[in-house]
Amino acid sequence: MSTTTAPDVDERMVATSRATKTLRRPEVGSAIAALIVFVFFSVYTSEFLSDQGVGTWLNSSSRIGIVAVAVALLMIGGEFDLSTGTMVGTSGLMVGVLTTHYGLNIFVAVVVALVAALAIGAVNGILVMKTGLPSFIVTLGTFFALQGVNVALTKAIIGQVAIQGMKLVPSYDAIQPIFGGSFTFVGASVDMSVLWFIGVIGAATWLLLRTRPGNWVFAVGGAQQSSRQVGVPVLATKVGLFMATAGAGWLVGMVTLFKSSTVNGATGVGDEFIFIICAVVGGCLLTGGFGSAIGAALGAMIYGMTQQGIVYANWDSDWLKAFLGIMLLGAVLVNNWVRKRAEVSR
Amino acid sequence: MSTDETRAGQPASGQEDVEPADARVDDSGAEDAGRSAPALPPRGTPIIEVTGIGKSYGQVIALHDVTTSVRAGEVTCVLGDNGAGKSTFIKILAGAHEHSEGKFVVDGTSRNMSSPRAALALGIATVYQDLAVVPLMPVWRNFFLGSELTRGLGPIKRLDIAAMKRITKSELAAMGIDLRDVDQPIGTLSGGERQCVAIARAVYFGARALILDEPTAALGVRQSGIVLKYIAKARDRGLGVVFITHNPHHAYPVGDRFMLLRRGRSMGDFAKSEITLDELVRMMSGGAELEALAHELQDEPESALTKSLREEVETS
């Protein structure tokens, strides 16, 4: 390599075909997997492609996907967030308690919950950046803390772990359609969360590929020290990402609350791993610096389709987790292989 | 270098001539992103002057009583072996570490630099050995990282990708690197090419004083030559260049001023007229020690062997 000069490069370079370039995109693996899952259940079960079937798996994909996309951004930025699942419960419970117990205006309560979620996200980010501890440990702490607070504080205030009487709150009907409404689209009953999901995918993709902060997300995940040296605001970028995952948790919290008119202390617990799995299946590198929002969304679609497909196929729904685990391992192996190729073969 | 890539008003043999920075701004609109540093002073004006500067980390004195200057349109070479204090000196200049003794004057004003950002704002840019690049990101994103060009306002403020790709390509072409695809991850470039991208980036973003940390250390002869050429270009453009190296043969052809470090102390600060290459080499390698070595190697090769054998016998 030492005697390489510019004119030699072209001669040694093999033309990169369009197909190879496409294969190097982070979301390709998940797109292929999603297609396989889609075709399989479409053929194997009769309900999967029905109007009702499509609506069901779209809706369930969207509730996972909103947070999965935010978690993917954070993972591209080189960090983890395990507290996203409980954040769904925390924000839902907060609105529930503030309105049903304290009689706070529901619009105000929704905004208060958003501010609180963003604040918790910011605390996560600042703790990770200032202590230098792995985000895995910091957010594992937040995860358990929130899980405990969700149940204990709710019980202490309203004497039970589930919110009741949401529908009686003034103005409930005014805000319910925004988060929990649904509409009919080509015969299928589609929830508002699907629109939010599409919006989140669009915003995240735009942010990642077309804006300065998006450039910084890739940079802080790929090489934090180098990013700092060239003047990327590393702290702000990372804290912003943690706030984004918390904000996504809040959004799904609102969707859950206004869809079912109740949440309880266990809402969202356990989902944090599913978000991470979706991001990894979607092509995000665990080490950061590589991935896509669309990939994570496809990961969420795989999850949603499999979850409903297994029901339609009359299989034991416990197979879902076994399937997810195997998908995750497969995805990590494929990602590693793709990354190695992307780094050397040009 | 193929000439069809050097568009944007570049002469066909873009290697020889580097356009002045201003010309480049014109051909693509508002591309002033990172150029907030003060303008270049006339040639020969000191940009950075350090006087008796030093740094200690607790009990360890890493650098003591170092004096030199960096002038516009000149190359100041900092020479020293491993552990001589070069890294500490760079870190002080770059703003990464604050000096604990002496005076650090930029444009006639005494400064205590608290962060690399502060140094950058004064037009002091550092190209580290690790080059501060993100391997998985495309070349053009790396080139503009931290100072991205944008278009539009408010929510539709977005990266000006076309302009960034074009500028990256033409800036690199001007350095003699013709990349077919600025979209490839920078990790796939050769060491010399990455070095040139990093230098081109610093120059493009309005560095007035450019600190290069051993840019030729990991390179072969030809690539070193390319890097030296670009150092000369940066100098001709009126920048003050600090060229850190342990190779006097790389330093002497491009240097105007030589500061030698050994064990954290300055062994002197010389203008080119005050020192010859031979003297520089001799000082670098420990003067008398080298002469003795050279004598042994040239005249009586076998005696060196005998000596070392005798030494071994004596010490055991």
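In the predicted model, chain B has an accessible surface of about 13900 Å², and carbon and sulfur atoms account for 51% of that area. Of its 316 residues, 52% count as buried. The secondary structure of chain B consists of 11 helices and 12 strands. Contacts in chain B between residues at least 6 apart in sequence join residues at least 24 apart in 66% of cases.

The mean pLDDT of the chain is 77, and 77% of the residues score at least 70. Among the elements of this chain, helix H4 (residues 139-144) of chain B has the highest mean pLDDT, 92, whereas helix H1 (residues 21-26) of chain B has the lowest, 34. Over residues 1-36 of chain B, pLDDT stays under 50, and the model has 60 contacts beyond four places in sequence for this stretch. Where pLDDT is low, predicted coordinates should not be read in detail.

The largest nonpolar core comprises 94 residues, and Val69(A), Met166(A) and Phe258(A) have the most contacts inside it. Helix H4 (residues 51-76) of chain A supplies the largest share of this core, 13 residues. A second, separate core has 53 residues, among them Met164(B), Phe243(B), Ile275(B) and Met284(B). In soluble globular proteins, nonpolar side chains tend to be buried together. With residues up to four places away in sequence not counted, Phe258(A) touches Ile106(A), Val110(A), Met166(A), Tyr172(A), Ile175(A), Gln176(A), Phe179(A) and Gly180(A).

Ile106(A) also takes part in the surroundings of Ser171(A): apart from neighbours within four places in sequence, Ser171(A) is in contact with Ile106(A) and Phe107(A). The C-alpha atoms of Ser171(A) and Phe107(A) are separated by 8.2 Å, although the two residues are 64 apart along the chain. Ser171(A) is found in the loop between helix H7 (135-158) and helix H8 (172-180) of chain A. Its relative accessible area is 36%, so Ser171(A) is partly exposed, falling between the limits of 20% and 50%.

Backbone geometry sets Ser171(A) apart as well. Most residues other than glycine have a negative phi, whereas Ser171(A), which is not a glycine, has a positive phi of about 70 degrees. Glu214(B), likewise a residue other than glycine, has a positive phi near 45 degrees. Glu214(B) lies in the loop between strand S9 (209-213) and helix H7 (221-236) of chain B. With a relative accessibility of 10%, Glu214(B) counts as buried because the value is under 20%.

At the N-terminal end, Ser292(A) caps H14(A), with a side-chain oxygen 2.8 Å from the backbone nitrogen of Gly295(A). H14(A) is followed by Asn314(A), whose phi is positive, near 60 degrees.

Helix H9 (residues 192-210) of chain A has 19 residues and reaches 26 Å from its first C-alpha to its last, close to the expected 27 Å. The buried residues of H9(A) are Met192(A), Ser193(A), Val194(A), Phe197(A), Val200(A), Ile201(A), Ala204(A), Thr205(A) and Leu208(A). An α-helix has 3.6 residues a turn, so residues three or four places apart point the same way.

How values were computed
Residues numbered from 1 in each chain as written. Chains lettered and ligands numbered in written order. Predicted model: local features only at pLDDT ≥ 70, side-chain atom pairs only at ≥ 80, totals over all residues. Heavy atoms only, no water. Polar contact = N/O pair within 3.5 Å; in protein donor to acceptor, adjacent residues only side chain to side chain. Helix = DSSP H or I, 4+ residues; strand = E, 2+ residues; numbered from the N terminus. Core = buried A, V, L, I, M, F, W, Y, C linked by side-chain atoms within 4.5 Å. Buried < 20%, exposed > 50% of the residue type's maximum accessible area, 1.4 Å probe, protein only. Contact = heavy atoms within 4.5 Å. Areas by Shrake-Rupley, 256 points an atom, 1.4 Å probe, with all protein chains shown as cover. pLDDT = per-residue confidence, 0-100. Expected span 1.5 Å × (residues − 1).
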